Amino acid sequence: MPITPRNTPRRPLRSVLVTLLAALVPLLAATFLTAPTASARPEPAAEAAPTATLTEVTNFGTNPSNLQMYLYVPDSVTANPAVVVAVHYCTGSGPAMYSGTEWASLADRYGFVVVYPSVTRASKCFDVSSPQALKRGGGSDPVGIKSMVDWVTGRYAADTSRIFATGISSGAMMTNVLLGDYPDVFSAGAAFSGVPFGCFATTDGSEWNSACSGGTITHTPQEWGDLVRAAYPGYTGTRPRMQVWHGTEDDVLRYPNFGEEIKQWTNVLGVSQTPAATDTPVSGWTRTRYGATGDRAPVEAISLQGIGHNLYASGMAARALTFFGLDSSGPAPQPQPGACKVTATTNAWSTGLTASVTLTNTGTTSVNGWQLAFTLPTGQTITNGWGATYAPVSGAVTATNATYNGTLAPNASVTIGYQANHTGNSAAPGSFTLNGTACTG
């Protein structure tokens, strides 16, 4: 066993450690450089969270009233996407409309683009009253919003046949204005708590029209329609469809404006003011459709019993989306209007009556699915019926075919009937419409 001579000098411990560390450093460095990092290790696949955000677009085109433009483009945006213009309420903003409504989440699901115009004037209300605003290309807010649509169409190759407008309160009034000024741009609109096109018109520079907001301005359907047609004189193309919503207890833009909107847009679209369909999709709601019975009727109106001005709630945007046709891949089938003749008789006693109604298809093509609309005389209430379902049971009634008699060949007839109570007037209804088209007597 070797013995170290006592006189061999020992290396200090510090010197040994330094030498050892010097030898280890290259090995440690090589180890750290070649070891896989945490991000490089395989992980289970996970669905990516949406990264789309609301962005402001500047220099988007002609903008006479200095509006701001906010844009939401979902990660799932489709090729040639549809565009929804979502217009805010007084005191609101584009970002508030973005965060306070479902349009962005619906865009994530269906791949369309949302434009959120934003007012910069002190009132934060849109101009729906000046002569400039109520004329195509006249100036003010509608021109700026049209520029936003043009910018999106150019930037994203948007489908110009699927441009829509919707809004709440001031935004609902602007929706009416946009559809009147630019019928060649917008395919449909959905107005929540608004007023007819031209109702808020002023000539003194005021933004507010108390007579209109109070529901005291009334016109004939023709007069209301003429106001819309005057915004774009000479236009003969297709007019956009309209959906209107209103609460019966609205104390800001009073409920009579709801009926005036219906009068206006049924006239503009050339359909009967008698509903082609009436139903109750939600308790307290009365929905009437004019000109057709399906989800994309020319005019759809939803009245909310006991609800005030701030009626907008979760799920309503989805119903507007259905009206626009953006929640499915193709157009929804709708019963088509047809030529028709109706004869109606009643057999009455002291407080009741029975009615017999015969509907004849006088057209040259079959009617597949029919709804016969009529108005009961005052005081009459249906208690039961046969051959069809009847809703509601008084006032403007719609009789919908039974499963066994929904098809009417040319010259074919169907007879239906009902029993009703009355308070003195036992007459039969005087006029009928079949799927939105007036019948002869």
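Colleague: Let's start at the end of helix α3: what comes after it, and what is its phi?

Modeller: That's Gly-111, with a positive phi near 85°. Keep in mind that this is a predicted model.

Colleague: Which residues of α3 are buried?

Modeller: In α3, which runs over residues 103-110, the buried ones are Trp-103, Ala-104, Leu-106 and Ala-107.

Colleague: What puts those residues on the same side of α3?

Modeller: Look at the arc they cover around the axis: it is only 160°, which places them on the same side of α3. The general rule is that an α-helix has 3.6 residues a turn, so residues three or four places apart point the same way.

Colleague: And what does that buried set pack against?

Modeller: Quite a list: strands β2 (68-72), β3 (83-87), β4 (113-118) and β5 (163-168), plus helices α2 (94-100) and α9 (316-324). Trp-103 also belongs to one aromatic cluster with Phe-112, Phe-164, Phe-323 and Phe-324.

Colleague: Moving to the sheet, what is the order of its strands?

Modeller: It's an open sheet of ten strands with mixed pairing, running β1-β2-β4-β3-β5-β6-β7-β10-β9-β8.

Colleague: How do you know which strands stand at the edges?

Modeller: Count the partners. β1 (55-57) and β8 (277-279) each have a single partner strand, so one side of each is left without a neighbour in the sheet. From one strand to the next, the twist averages 20°.

Colleague: What makes β3 and β4 a pair, and in which sense do they run?

Modeller: Two strands need at least two bridges to count as paired; β3 and β4 have three, in the parallel sense. One example is Val-84, whose bridge partner in β4 is Val-114. As for helices on this sheet, α8 (residues 256-268) packs on it, touching β6 (188-192), β7 (241-247), β9 (285-290) and β10 (299-304). The direction of α8 makes about 170° with that of β7.

Colleague: Where does Ser-65 sit, and why is it called buried?

Modeller: Ser-65 is in the loop between β1 and β2. Buried means under 20% relative accessible area, and Ser-65 has 16% relative accessibility, so it counts as buried. Leaving aside residues up to four places away in sequence, Ser-65 touches Thr-120, Arg-121, Ser-140 and Asp-141.

Colleague: What makes the contact of Ser-65 and Asp-141 a polar one?

Modeller: The limit for a pair of N or O atoms is 3.5 Å, and their side chains are joined at 2.5 Å, so that qualifies.

Colleague: How many aromatic pairs does the structure hold?

Modeller: There are 16 aromatic pairs. One of them is Phe-374 with Tyr-418, with ring centres 6.0 Å apart and planes at 10°.

Colleague: Why is the pair of Phe-374 and Tyr-418 called stacked?

Modeller: Centres must lie within 6.5 Å, and planes under 30 degrees apart count as stacked; at 6.0 Å and 10°, the pair is stacked. Phe-374 lies in β14 (residues 371-375) and Tyr-418 in β19 (residues 413-421), so the pair ties together parts 44 residues apart in sequence. Phe-374 counts as buried at 1% relative accessibility, and Tyr-418 counts as buried at 1% too.

Colleague: What about Phe-374 and Phe-432: what is that pair called, and why?

Modeller: Tilted: the centres are 5.3 Å apart and the planes make 50°, which falls between the 30 and 60 degree cut-offs. This pair links distant parts of the chain, with Phe-374 in β14 and Phe-432 in β20 (residues 432-434), 58 residues apart. Phe-432 has a relative accessible area of 6%, so it is buried.

Notes. Residues are numbered from 1 along each chain as its sequence is written. This is a predicted model: local features need pLDDT of at least 70, side-chain atom pairs count only at pLDDT 80 or more; totals for chains, interfaces and linings use all residues. Side-chain values use heavy atoms; hydrogens and water are left out. Buried means under 20% relative accessible area, exposed over 50%, partly exposed in between (1.4 Å probe, protein chains only). Helices (H or I, at least four residues) and strands (E, at least two) are DSSP runs, numbered from the N terminus. The arc is that of the directions from the helix axis to the C-beta atoms. Contact means heavy atoms within 4.5 Å. Axes are lines fitted to C-alpha atoms, for helices over the stretch in contact, and angles run from 0 to 180 degrees between N-to-C directions. A polar contact is a pair of N or O atoms within 3.5 Å; within protein, one must be able to donate a hydrogen and the other to accept it, and residues adjacent in sequence count only if both atoms are side-chain atoms.
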